[in-house]
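This briefing walks through selected features of the structure shown below, grouped by topic. Please keep the sequence and the model at hand while reading.

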Amino acid sequence: MDFSLFYFANDSGTAEDDRYRLLLDGARFADEHGFHAVWTPERHFHQFGGTYPNPSVTSAAIASITSRIKIRAGSVVAPLHHPLRVAEEWSVVDNISRGRAGVSFASGWHATDFALNPSTYADRRTVMFDRVEQVRALWRGEPVDVADGMGNPAKVRSFPPPVQAELPVWITSVGDVETFRSAGRIRAGLLTHLLGQSPDQLAEKIAEYRKAAAEASQDGWPGHVVVMVHTFLGDDNEAVRELVRPSLTAYMRSSLSLILTSDLSSEPEGPGSLEPDEIDFLVERSFEHYFNNVGLLGSVDKAKEVVARLTELGVDEIACLIDFGLPADEVISGLTHLQRLRDVCATSDAEQGGSKSQ
């Protein structure tokens, strides 16, 4: 199992002079201690995630202070951008990092975000997959047809040329099984989470993804599944529970606030009509479920059991979401426990591999 760091901060309580310290210090720690990747998202117009409006900018910053760790977008909202711009920006990141860039593409979901490109909202999923193939072609140095400022047809290539011959690509999905299948068909990895889908449901969807990937690849490529998991580890389960409770419940409440202002809130039996006491109940129940069953929250021994379950589901990489509101110094200190979990799991994997080969 690979371990990465994932950032998606709620910006409501962050000091202006400290806003990106956790990002940069965490990236340095991950780079020095053998973690696999660092992911930063794209979010707009809301304090939930709004620290990260452009992952190519944060990724370029990470590239300049690290030497080995993979640097990825989790995610680029493809319908909001021209594919030429995406290819240009991420080729710069690939050059600064000397070939460590990767991108997960998302279709977007909040209508307000599409103030940046309103015309693509209705067909955003189709547009996303079209953009992926266009960016891949540009990455390989192929020209695309455009109209210039005079309305004349032209062919253009993106510059600078990237270091990697092929751009590593993932598709972000909140759980739609057809998106899982489509990601497999285009030979893309998959980035998802366990909020809103049970482990059993995720296992079924991963199986569908693997099947589609194998059928679409002549070499039987199995795909690559990354699951984002909220993470903070310490010595004692109950001490960690009380430490993370205020921050994680506030984070969940902010996330729910974003959903309440989206088109999702108008769905039948959606969250738009919830009363304040119902929201309180939902947030508290979500916290308890997440702490007890899903998150890498608590002791290393408890988290090892979660890693084992994720491995059984077919997960290849855990993207550890570490910036959900705790003070930066607490989070950085906690990374030593995450490093210990990573080492314990690596030893366990090696022992199991050795026993299988005997």
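How are α5 and α6 oriented to each other, roughly parallel or roughly antiparallel? The model is a predicted one, and in it the axes of helix α5 (residues 177-185) and helix α6 (residues 199-216) lie 7 Å apart at an angle of about 30°. Since angles under 35 degrees count as roughly parallel, α5 and α6 are therefore roughly parallel to each other.

**Packing of α5 and α6**

- The crossing in which α5 passes α6 is right-handed.
- On the α5 side the contact is made by V177, F180, R181, A183, G184 and R185, while α6 contributes L202, K205, I206, E208, Y209, A212, A213 and A216.

**Packing of α2 and α3**

- Helix α2 (residues 55-65) and helix α3 (residues 83-96) cross at roughly 10°, and their axes come within 9 Å.
- The two helices α2 and α3 are therefore roughly parallel to each other, given that the limit for this description is an angle under 35 degrees.
- In this contact P55, S56, S59, A60, A63 and S64 of α2 meet E89, W90, V93 and I96 of α3.
- The residues of the contact of α2 with α3 are made up of six nonpolar, three polar and one charged.

**Aromatic pairs**

- A pair of aromatic rings is described by how far apart the centres are and by the angle of the planes.
- The count of aromatic pairs in the model comes to seven.
- One of them joins F29 and F35 in a tilted arrangement, with 6.2 Å from centre to centre and 55° between the planes, and both F29 and F35 are buried.
- Another pair is formed by W39 and W170, whose ring centres are 5.3 Å apart and whose planes stand at 75°, so the pair is edge-to-face.
- This pair links distant parts of the chain, because edge-to-face partners W39 and W170 sit in strand β2 (residues 37-40) and strand β7 (residues 169-172) respectively, 131 residues apart.
- Both W39 and W170 are buried, and together with F6 they form one aromatic cluster.

- D18 is placed in the loop between β1 (2-6) and α1 (21-32).
- With a relative accessibility of 27%, D18 counts as partly exposed.
- Although D18 and A328 are 310 residues apart along the chain, their C-alpha atoms are separated by 8.6 Å.

Methods. Residues are numbered from 1 along each chain as its sequence is written. This is a predicted model: local features need pLDDT of at least 70, side-chain atom pairs count only at pLDDT 80 or more; totals for chains, interfaces and linings use all residues. Side-chain values use heavy atoms; hydrogens and water are left out. Axes are lines fitted to C-alpha atoms, for helices over the stretch in contact, and angles run from 0 to 180 degrees between N-to-C directions. Helices (H or I, at least four residues) and strands (E, at least two) are DSSP runs, numbered from the N terminus. Angles under 35 degrees count as roughly parallel, over 145 as roughly antiparallel, 65 to 115 as roughly perpendicular and the rest as oblique. A crossing is left-handed if the near helix is turned anticlockwise from the far one by less than a right angle, and right-handed if clockwise. Contact means heavy atoms within 4.5 Å. Rings of Phe, Tyr and Trp (its six-membered ring) pair if their centres lie within 6.5 Å; planes under 30 degrees apart count as stacked, over 60 as edge-to-face and the rest as tilted. Buried means under 20% relative accessible area, exposed over 50%, partly exposed in between (1.4 Å probe, protein chains only). Ala, Val, Leu, Ile, Met, Phe, Trp, Tyr, Cys and Pro count as nonpolar, Asp, Glu, Lys and Arg as charged, and the others, Gly among them, as polar.
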